[in-house]
Amino acid sequence: MSDIFCRDCNMLTEVVFDHSAGDTICSECGLVLESRSVDKTSEWRSFADESNGNDPNRVGGPVNLLLADGGLSTVIAGPSNGASSNALPSSVGRWQSRASKPDRHLLNIFSAIAIMADRLGLVTTIKDRANEIYKKVEDQRPLRGRNQDAVVAACLYIACRQENKPRTVKEICSAVSGASKKEIGRAKEFIWKHLEVEIGQEIGTIHAGDYLRRFCSNLGMKNLEVKAAQETVQKSEDLVIRRSPISVAAAVIYIITQLSDDKRTFKDISLATRVAEGTIKNSYKDLYPHLPRLIPNWFAKEEDVKNLCN
């Protein structure tokens with residue numbers, strides 16, 4: 001109930017809404033103040049077979065332009081529990097099965113991409129981009145006979161690169177049970193080969209800063225330490241260091257933790273970044289001569305930087 005001005009009462013009165021008739025009625029004099037009003041609230045209805053079923057779906061799924069029918073095809077359900085076996089003729093089910101075969105494979109792939117993306121904590125835009133990549137490759141060259149898990153993982157890897165949210169191959173591999181790192185790498189090269197014109201223009205260069213914040217989060221580092229690591233990584237981009245951005249990010253994190261109260265070992269950094277301890281040590285050796293220029297003055301004193309182990 002709410003207050004509305006009534007013409008007959010000449011004052012603000014409480015009104016009652018009759019949703020079935022669409023009328024707004026004054027509670028004092030019974031005058032219909034508004035008729036056939038449009039109810040803008042959600043119209044929840046139950047479409048369950050059982051009377052006590054809870055199925056508050058208003059519409060079907062969204063339109064999916066990657067599917068042949070846009071994802072709007074009708075599916076005839078089979079007989080429910082206790083219903084007669086003649087409720088759905090076998091011929092109807094057979095024709096429905098034939099009609100849905102072209103999209104059934106894509107639906108299974110899209111479902112696998114969604115599950116893998118959820119394990120990695122990826123957003124919807126990356127899922128949609130991975131779906132598009134798979135559909136483009138499937139249209140150009142059928143992927144039968146290839147490891148589908150590896151192809152799906154490769155599509156997610158490329159989608160992350162395109163959306164500027166890169167993940168390492170090891171991170172992608174951790175969310176896949178049926179593909180190795182080598183198989184994912186082969187699938188990635190296969191997709192790049194066939195979509196080089198479309199993908200090559202959209203993928204940018206990977207920087208160490210793209211991985212830094214996530215690695216710091218895995219270690220539970222403080223905000224000041226994260227800020228110092230970001231400034232260090234940004235300054236390191238001006239140097240010529242022949243190391244991968246992932247290993248540089250891991251080495252910088254190790255350096256910052258050694259200059260803080262919460263020191264971490266190479267093993268701790270390796271577990272959080274999935275970078276081998278030997279690789280982190282080699283990157284640390286390459287960065288060591290430049291540390292006085294890289295470490296922010298507000299974070300550590302020059303003497304502390306010099307006292308770091310070479």
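**Exercise 1: H7 and H10**

Helix H7 (residues 209-219) packs against helix H10 (residues 266-273) at an angle of about 120°, and their axes lie 9 Å apart. The model is a predicted one, in which local features need pLDDT of at least 70 and side-chain atom pairs count only at pLDDT 80 or more, while totals for chains, interfaces and linings use all residues. Residues are numbered from 1 along each chain as its sequence is written, and side-chain values use heavy atoms, with hydrogens and water left out.

Task: classify the packing of H7 on H10 and state which residues make the contact.

Step 1. Helices are DSSP runs of H or I with at least four residues, numbered from the N terminus. Axes are lines fitted to C-alpha atoms over the stretch in contact, and angles run from 0 to 180 degrees between N-to-C directions.

Step 2. Angles under 35 degrees count as roughly parallel, over 145 as roughly antiparallel, 65 to 115 as roughly perpendicular and the rest as oblique. H7 is therefore oblique to H10.

Step 3. Contact (heavy atoms within 4.5 Å) involves Phe215, Asn218 and Leu219 of H7 together with Asp268, Ile269, Ala272 and Thr273 of H10.

Step 4. Ala, Val, Leu, Ile, Met, Phe, Trp, Tyr, Cys and Pro count as nonpolar, Asp, Glu, Lys and Arg as charged, and the others, Gly among them, as polar. The contact of H7 with H10 thus comprises four nonpolar, two polar and one charged residues.

**Exercise 2: H7 and H8**

Task: determine how H7 is oriented relative to H8.

Step 1. H7 and H8 pack at an angle of about 160°, with axes 10 Å apart. H7 is therefore roughly antiparallel to H8.

Step 2. Gly209, Leu212, Arg213 and Cys216 of H7 meet Val226, Ala229, Gln230 and Val233 of H8. By class, five are nonpolar, two polar and one charged.

**Exercise 3: H8 and H9**

Task: determine the orientation of H8 relative to H9 and list the contact residues.

Step 1. Helix H8 (residues 223-236) packs on H9 at an angle of about 135°, with the axes 9 Å apart. H8 is therefore oblique to H9.

Step 2. From H8, Glu225, Ala228, Ala229, Thr232, Val233 and Ser236 touch Val248, Val252 and Ile256 of H9. This contact has six nonpolar, two polar and one charged residues.

**Exercise 4: a pocket lining**

Task: which residue classes occur in the lining of the second largest pocket?

Step 1. The lining includes Thr168, Lys170, Lys181, Ser244, Thr273 and Arg274. Helix H4 (169-174) and helix H9 (245-258) each give two or more residues to this lining.

Step 2. By class, the lining has four nonpolar, five polar and three charged residues. A pocket is an open set of points on a 1 Å grid over the protein atoms alone, where a 1.4 Å probe fits, with protein on both sides within 12 Å along at least five of seven lines; lining residues have an atom within 4 Å of a point.
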